[in-house]
Amino acid sequence: MRVRRVRLWRWRRNALRHRYHAVEGWILLVLGVVGFIGAPLGGAVAWEAVLEGRAQQRTERHLTDAVLVEDPAPAATGSTRTRATARWTAPDGTTHTGRVPFGSHPERGGRVPVWTDKDGAMTSAPLGPAAARFDAAVAALAVTVSLGFLVLAVYQPVRRHGERRFTAQWGREWARVAHEWDRKNA
């Protein structure tokens, strides 16, 4: 004997369907829409936000030359980079001083390239386009997967609540008819 699968059974009328089946069906439908449309949409928004942030970083960070104001101290054993105090001019014309890293061995008065932000504070180099796309892809994947798991995390308690409710209801109904059942089968 082959069992026929009935589609959309939660919304059809039948003797075994409870009102909660329809409610659960609607909840499942809403969560499905959120999962299949909202999760990829959230990933796309994350992709765009990260790419926009990285592009803004590239416009706000500037490469400038810093002039060493002291002779650098000898590098630590095994290190190829050292630090020395240097002075540079910010995009707004103000002068800044700080310890800058460099790889070669210039002396006092030598020029060292440094990245600065719009305020002239020393910062790291902006990410290139490939690294920015990688960051955007990781963020998009993380948001998409997180929203998918969130949908599952919301559905599970709803499902458990329904199962507990059905079990309690079946227990009450069985208690009501069990004595008649036992009397007929005795």
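Helix α1 covers residues 19–60, and its 42 residues should span 62 Å at 1.5 Å a residue, which agrees with the 58 Å between its end C-alpha atoms. The expected span is 1.5 Å times one less than the number of residues; helices here are DSSP runs (H or I, at least four residues) and strands likewise (E, at least two), numbered from the N terminus. The model is a predicted one, in which local features need pLDDT of at least 70, side-chain atom pairs count only at pLDDT 80 or more, and totals for chains, interfaces and linings use all residues. Residues are numbered from 1 along each chain as its sequence is written, and side-chain values use heavy atoms, with hydrogens and water left out.

Along α1, a bend of about 35 degrees falls at Gly38, with Pro40 following within four residues; the bend is the angle between axes fitted to the seven residues ending there and the seven starting there.

Turning to the strands, an open sheet of 5 has the order β3-β2-β1-β4-β5 with antiparallel pairing. Because β3 and β5 (122–123) stand at the edges with a single partner strand each, one side of each is left without a neighbour in the sheet. Pairing requires at least two DSSP bridges between two strands. Strands β2 and β3 (residues 95–102) are joined by 8 bridges, and Arg83 stands opposite Pro101 in β3. These two strands form a hairpin with 5 residues between them, where Gly93 in the turn has a positive phi of about 95 degrees.
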